[in-house]
Amino acid sequence: MSESNPRALRSSAERPASTASGYAMLLVVLIALLAIAFSAPQIGEGLWAPLVTVAGGLTLAFVSIGFYLLQPNQAAAILLFGEYQGTDRSTGLRWAWPWLIKKKISVRIHNITSERLKVNDLRGNPIEIASNVVWRVADTAQALFDVDDYREFVHIQIESAVRAIGSRYPYDDFTHEEMTLRGNAEHVSEELRTELQERVEMAGVHIDECRLTHLAYAQEIAQAMLRRQQAEAVIAARQKLVEGAVSMVETALEQLSDKNVVELDDERRAAMVSNLMVVLCSERDTQPVVNAGSLYQ
């Protein structure tokens, strides 16, 4: 953003801070304690004893204020009178000048499962959708200084991204001709991760993984859509059954004709086709009827 605009957001960027190891400063604290312990009993014997005691006490207080601890995957942003000086990511006992402010921030992996949101899909059907997001802070300066509350910011952007992705695709496609939320979960999850990464980039947050954890029609249309799915399944099964029956009848007639088993005129051929189709397409076992006469009686 242009710095000439006084109303523009001043974008931050993480950089290393100039700090020291706390273990080296412990030696200074030990020396100050020894000096106090040696000079305090001899205060009345000369001028040097009070001076050493006071100097040791001031040194002890000055050095002790600068200590702070950093656990693994924890960082501290260093501030001088409100101005960002850098970020310390070194773990263990650390030390910085006492007038510097240390704001600790976790850079560990966070795991959030969003609430079940009601969204209209691409076709306008109300659906319920939820997602699990794995994220972490990548830039501590942006997370602390470019957004008011980076955790709340991530939560809100997750909900916004899930709603956007949910309305971008249909829940299901019975013809299998387009991408859907249910049939292409891997692709949708990856697109959700990309969408969310773009939204939280300004907060210094990195999205490691996104996965849909819940996907279903809303309660008010769930029964109607279930009946529709059942009807589609029955139609598809019937279609496969008819295709198979027609193929079997065709094969039977061809073999009877090629092997000269029986001569069939058009009427007998039609009767045989009808009988075979009934047998092959029927949902129940068929009962054979024996014709004792001729076909025409």
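**Exercise 1. Classify Glu-209 by its accessibility, then find its salt-bridge partner.**

Step 1: Glu-209 has a relative accessibility of 37%. Buried means under 20% relative accessible area, exposed means over 50%, and partly exposed is in between (1.4 Å probe, protein chains only). So Glu-209 counts as partly exposed.

Step 2: The partner is Arg-211, and the closest N and O atoms sit 3.8 Å apart.

A word on the model: it's predicted, so local features need pLDDT of at least 70 and side-chain atom pairs count only at pLDDT 80 or more, while totals for chains, interfaces and linings use all residues. Side-chain values use heavy atoms, with hydrogens and water left out, and residues are numbered from 1 along each chain as its sequence is written.

**Exercise 2. Work out which parts of the chain the Arg-211 and Glu-186 pair ties together.**

Step 1: Arg-211 forms a salt bridge with Glu-186, with 3.7 Å between the closest N and O atoms.

Step 2: Arg-211 lies in strand 10 (residues 205–217) and Glu-186 in helix 5, so this pair ties together parts 25 residues apart in sequence. Helices (H or I, at least four residues) and strands (E, at least two) are DSSP runs, numbered from the N terminus.

Step 3: Check accessibility: Glu-186 is exposed at 55%, whereas Arg-211 is partly exposed at 35%.

**Exercise 3. Count the salt bridges.**

Solution: By the rule above, you get ten salt bridges.

Notes:
Salt bridge = Lys/Arg side-chain N within 4 Å of Asp/Glu carboxyl O.
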